[in-house]
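Try each task before you read its solution.

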Amino acid sequence: MIKNVVVVGSGVMGRGIAYVAAVGGYNVQMVDINPAALESANTEINKIFDKGIERGKISVADAEAAQQRLTYVTDLSTAATQADLVIEAVPEKIEIKKNVFETIDEHAPVHCYFATNTSTMSPTEIGSYTNRPSQVIAMHFFNPVQKMPLVEIVRGLETSDETAQKIKEVAENMGKETVVINEFPGFVTSRISAMVGNEAFYMLQEGVGTPEEIDKAIKLGLNYPMGPFELVDLVGLDARLNNLNYLHETLGEKYRPCPLLVKYVKAGRLGRKSGQGVYDYTNKREKQPN
Ligand code: NAD
């Protein structure tokens with residue numbers, strides 16, 4: 001029975017995962033090596049609760065109960081000793097993830113399941129850093145976690161049926177729809193999204209249209225909720241480039257990152273978080289093309 005969930009990494013994704021887990025009834029320990037990140041996560045999570053109450057999505061009593069189930073700590077080894085499930089949401093760097101999985105494998109109870117929120121990496125490889133690969137799986141949430149309905153559950157080579165079933169139940173308790181798929185680089189969503197986003201950069205580089213025109217064409221012509229440039233500014237151009245580099249390495253030439261995307265990242269245009277990406281967000285209420 002899963003009751004205690006540890007979420008590792010309190011960044012963009014970890015804080016959303018901690019929120020949906022607490023609302024789903026789990027006791028949640030949010031862990032980060034950076035105390036400032038934890039403090040900011042605490043503030044942001046409280047804002048999500050406030051908005052939820054304001055919009056009638058959650059009652060005051062349920063929000064208060066969920067907030068009481070949430071704690072913020074810096075020591076992963078101690079947090080792991082109480083865990084039934086650990087969900088990892090640290091940066092998309094294999095050496096950081098390896099370190100986290102080795103630590104939790106050492107300290108978590110033998111029954112504990114491990115999930116990674118990686119966008120592209122191999123749950124099989126991540127499972128191999130532990131002595132319990134049958135209990136390791138990817139639980140791919142989407143940004144912003146509290147709004148996006150899907151969790152893409154990705155089985156590694158050694159993942160057991162029982163693990164896949166348990167994790168599906170947990171995701172459903174968090175109010176999510178699921179798909180359970182087998183591992184292949186980029187899963188379903190990251191591979192398609194990276195491809196569409198990269199193609200949009202090629203169009204911009206070729207002078208096919210302005211960012212607004214390309215975004216508008218994709219939104220109104222293909223019925224996408226966001227244009228590819230609006231989306232990449234939200235996700236982060238550096239994160240998108242990381243994903244493409246990984247897909248290029250593992251799946252080949254058609255995923256080679258567009259040189260214009262590489263140039264933007266070199267210039268520090270990382271998207272909304274840096275104030276400028278494909279669009280400019282500095283001192284302006286509305287996005288502006290560069
Ligand atoms: P982020 O950079 O916003 O947050 C990562 C957090 O992890 C930071 O607060 C950092 O201090 C913390 N951290 C680093 N090393 C740590 C360690 N050893 N122990 C504990 N905490 C540590 O990253 P993010 O955007 O939330 O991405 C996290 C993961 O989720 C990545 O694997 C990413 O690919 C994946 N993902 C991201 C998105 C997205 O839209 N941002 C969507 C789906 C999946």
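This is a predicted model: local features need pLDDT of at least 70, side-chain atom pairs count only at pLDDT 80 or more; totals for chains, interfaces and linings use all residues.

Residues are numbered from 1 along each chain as its sequence is written, and side-chain values use heavy atoms, with hydrogens and water left out.

**Exercise 1.** Decide whether Lys 97 is buried or exposed.

Solution. Start with the element: Lys 97 sits in helix α5, residues 94-107. Helices are DSSP runs of H or I, at least four residues, and strands are runs of E, at least two, numbered from the N terminus. Next, take the relative accessibility, which is 1% for Lys 97. Buried means under 20% relative accessible area, exposed over 50%, partly exposed in between (1.4 Å probe, protein chains only). Lys 97 is therefore buried. Finally, list contacts (heavy atoms within 4.5 Å). Beyond four places in sequence, Lys 97 touches residues including Glu 88, Glu 92, Thr 116 and Met 121.

**Exercise 2.** Find what Tyr 72 contacts away from its sequence neighbours.

Solution. Locate Tyr 72 in strand β3, residues 70-73. Its relative accessible area is 24%, so Tyr 72 is partly exposed. Leave aside neighbours within four places. Tyr 72 then contacts Met 30, Leu 38, Ala 41, Asn 42 and Ile 45. Now check a distance: Pro 35 is 37 residues away from Tyr 72 in sequence, yet 9.0 Å away, C-alpha to C-alpha.
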